Amino acid sequence: MFREERGLLLASLTRRFGDLDLAEEVTSEAIEAALRHWPAEGVPARPGAWLLTTARRKAVDRLRRDRAYAARLAVLQADAERDDAVAPAADVAGVGELPDERLQLFFTCTHPALAAEDRTALTLRCLAGLTTPEVARAFLVPTATMAQRIVRAKKKIREARIPFRVPGPDELPERLPGVLQVVYSVFTEGYAASSGPRLQRLDLAEEAVRLARILHRLLPAERETAGLLALLLLVHARRDARTGPEGEPVLLEEQDRGRWDRAMIEEGRDLVVRALTGGPAGPYGVQAAIAALHDEAAGVESTDWAQIVALYDVLLALTPSPVVAVNRAVAVAMRDGPGAGLALLDALAGEPRLRAYPPYAVARGELLTRLGREGEAAVAYREALEAAGTEPERAALRRKLGE
């Protein structure tokens, strides 16, 4: 319950007092008070309201004790009220009355004035509710470094007077992609950890799904929020089949599809329809459509590879990227044979961003193996082994080399 309520508390208190640090501190104090009182007195009928009332009282007490702090917050609150007059939240994307204030916190944490890495860190800390050490582990940096990064982001919000509000309709198209990208980045690290003993960080992946659900609930008229949630659900549905008994990676064609989460897939498929209806598709909607085709197929052989290639063509036009090009090349190999896919992969050999991207070398190794060119395949697998971040990936690649 605390995990669910924390984001709501933090957003409401930041909105009321205009200071993220103060909101965090009194939120923690309110939760601490609950842990002391509830075991003896019982959980209140409305625990969220109890926590919010307690936190507000603690904030007011603190402001009464610190007049300079209160004066600074008065300036911030005046800024917030002015911004509300310019761009009321109710005018955004047909939302009507905003269900809660987390949406404003999303846009504050992902403001373009903040460095990209700081946006993701702050979102994980404030909206996903991860502790600073947990965020540090996700970014593979020391806790002290991450603490400095989060402090820097909060200081930037305070000093630049970044408004705690949802952008107006004219700003939303420019700002929303940044918010979606942060949530997608969190999921990506959870889906395929950049390093460590495990292939997946399920805690991060599930937090990203939760954040995507909140965004979709708060911005139901935005098709790309539906597309992002659909993509995350359709990919996360395969989580139990993606690793073997020892945590080793299991390729898509070798996965037991009976272990895929069918309820999650059905929910994702419904969202794909919404994401692709009513105008040109966005990149998350297209990626979700690709994931849906994989999830609907009974096996690799019955997958509609022609349609997947066509969707990758659309995605490349929307977001040109060497990673998308690699995925398209693999789909072409499944449609037209390993030689056709390998030619496309070799054409990407000069792309510097793929040198440290193990799936590129792994894809080459797989296609070279299918063509009987084992010596060249071994070279590709060694390149992938050098770049692999997690121990399960390295173990799988060593087995490939042994074969």
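Predicted model: local features only at pLDDT ≥ 70, side-chain atom pairs only at ≥ 80, totals over all residues.
The mean pLDDT of the protein chain is 86. A value of 70 or more is reached by 91% of the residues. Confidence falls over residues 83-99, where pLDDT stays under 50. For this stretch the model has 26 contacts beyond four places in sequence.

The largest nonpolar core holds 92 residues. Leu105, Phe106, Phe107, Leu122, Val183 and Leu232 touch the most other members of this core. The contacts of leucine 105 reach well along the chain in both directions of numbering, including Leu10, Ala11 and Leu20 on one side and Cys126, Leu127 and Phe164 on the other. These exclude residues up to four places away in sequence. A second core is separate and has 19 residues. Among its members are Leu342, Leu354, Ala377 and Ala388.

Helix 12 covers residues 262-276. At 1.5 Å a residue, its 15 residues should span 21 Å. The end C-alpha atoms are 21 Å apart, which agrees with that expectation. The buried residues of helix 12 are Met264, Ile265, Gly268, Leu271, Val272 and Ala275. Viewed down the helix axis, they fall within an arc of 125 degrees, so they line one face of the helix. The face turned away from this buried side carries two exposed residues, Ala263 and Val273. On the buried side, helix 12 packs against helix 10 (202-218), helix 11 (223-236) and helix 13 (283-296).

Both ends of helix 12 show local detail. At the start, a side-chain oxygen of aspartate 261 comes to within 3.2 Å of the backbone nitrogen of alanine 263. Just after the helix, glycine 278 takes a positive phi of about 105 degrees.

Three further residues illustrate buried positions in other helices. Threonine 123 is found in helix 6, which runs over residues 116-126. Its relative accessible area is 1%, so threonine 123 is buried. The side chain of threonine 123 reaches the backbone oxygen of arginine 119 at 2.8 Å. Beyond four places in sequence, threonine 123 touches Cys109, Thr110, Ala128, Val182 and Leu211. Isoleucine 157 is 34 residues from threonine 123 in sequence. In space the two are 13 Å apart, C-alpha to C-alpha.

Lysine 154 is placed in helix 8 (residues 143-159). This lysine has 11% relative accessibility and therefore counts as buried, the cut-off being under 20%. Apart from neighbours within four places in sequence, lysine 154 contacts Leu20, Asp21, Glu24 and Leu122.

Leucine 180 lies in helix 9, residues 172-191. With a relative accessible area of 3%, leucine 180 is buried. Leucine 228 is 48 residues away from leucine 180 in sequence. Their C-alpha atoms are 7.2 Å apart in space. The two leucines are also in contact. Leu215, Glu224, Thr225 and Tyr284 are likewise touched by leucine 180, with residues up to four places away in sequence not counted.

Note on methods:
Residues numbered from 1 in each chain as written. Heavy atoms only, no water. Helix = DSSP H or I, 4+ residues; strand = E, 2+ residues; numbered from the N terminus. Expected span 1.5 Å × (residues − 1). Buried < 20%, exposed > 50% of the residue type's maximum accessible area, 1.4 Å probe, protein only. Arc of directions from axis to C-beta. Contact = heavy atoms within 4.5 Å. Polar contact = N/O pair within 3.5 Å; in protein donor to acceptor, adjacent residues only side chain to side chain. pLDDT = per-residue confidence, 0-100. Core = buried A, V, L, I, M, F, W, Y, C linked by side-chain atoms within 4.5 Å.
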